[in-house]
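Trainee: I'd like to learn how to read aromatic rings in a protein model. Can we go through one together?

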Amino acid sequence: MCFRVKFYPHEPLKIKEELTRYLLYLQIKRDIFHGRLLCSFSDAAYLGACIVQAELGDYDPDEQPENYISEFEIFPKQSQKLERKIAEIHKNELRGQSPPVAEFNLLLKAHTLETYGVDPHPCKDSTGTTTFLGFTAAGFVVFQGNKRIHLIKWPDVCKLKFEGKTFNVIGTQKEKKAMLAFHTSTPAACKHLWKCGVENQAFYKYAKSSQIKTVSSSKIFFKGSRFRYSGRVAKEVVEASSKIQREPPEVHRANITQSRSSHSLNKQLIINMEPLQPLLPSPSEQEEELPLREGESPSPCRLHLHQA
């Protein structure tokens, strides 16, 4: 069992308490390690340096050996070239940053990436091409390889429905209604995808939880599956956060850096699930997309960040 973030905040700048930022930092660090956060070589080096700064502090040549970055397993595949770049940024650009500052800078970079907060659901589109669907604070997203091919913002999503193994998204694109159809491997996977979709839509789209109604997967209300979101929505969470008057809770940071020696344990904790597969870059590309590793369970026990 693991705890994780379910709804990723759209703007980390609005997170008021350090403890909440730290919990989100741990989740992003986990996403990086599991290969869920696609990024360029330069962005990867910066994110890696932020993690090292947050957990080691300033570089000390008397304490750290020449290849000290190799003791960290931050990414699924970590080349020596990437480790050298991480060390360069850590030594020269991040000196003096405290753990909270380094963690915050990681959040600011991570939330700008297209796969931030994406829990990828493998499907096939109408042509049989493997795609990955996800839901973010911005809306419904579709990836093929490492490229986002669709983004339908929540205000433009009219309805999410499913029947059997077919999942449909009805939305507005360029002032025209369109329906996208995708096919999952099993009816259970399709129902799980639909539930994730309507839950994210409710959380991010509505201004008040009282506006949310029970939704049905079928046109006929008494047929198919029904679901009603319970809890506060994003805007209510942000509003409640702004009114917090308590003393900030103490943050107890644990040194949970993934190291080479802990790799076998991590393998036991990761359930096989088809990951996003980035396209291989051409040899001429200097900034390569970091490949993703096998993901987590599609339905882990999740931690709601209800303080934004």
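Trainee: Which residues form one aromatic cluster?

Mentor: Phe135, Phe140, Trp154, Phe167 and Phe182 do. Bear in mind that this is a predicted model, where local features need pLDDT of at least 70, side-chain atom pairs count only at pLDDT 80 or more, and totals for chains, interfaces and linings use all residues. Residues are numbered from 1 along each chain as its sequence is written, and side-chain values use heavy atoms, with hydrogens and water left out.

Trainee: How many aromatic pairs are found in the whole structure?

Mentor: Rings of Phe, Tyr and Trp (its six-membered ring) pair if their centres lie within 6.5 Å; planes under 30 degrees apart are stacked, over 60 edge-to-face, the rest tilted. Here, the search finds 13 aromatic pairs. Take phenylalanine 7 and tyrosine 229: their planes are at 75° and their centres 6.3 Å apart, so this pair is edge-to-face. The two residues are 222 apart in the chain.

Trainee: Is phenylalanine 7 buried or exposed?

Mentor: Buried means under 20% relative accessible area, exposed over 50%, partly exposed in between (1.4 Å probe, protein chains only). Phenylalanine 7 has 5%, so it's buried; tyrosine 229, at 7%, is buried too.

Trainee: Which charged end sits over the ring of tyrosine 22?

Mentor: The rule is that NZ of Lys or CZ of Arg must be within 6 Å of the ring centre and within 35 degrees of the ring normal. For tyrosine 22, it's arginine 253, 5.1 Å from the ring centre. Likewise, lysine 81 lies over the face of phenylalanine 41, 5.0 Å from the centre of that ring.

Notes. Helix = DSSP H or I, 4+ residues; strand = E, 2+ residues; numbered from the N terminus.
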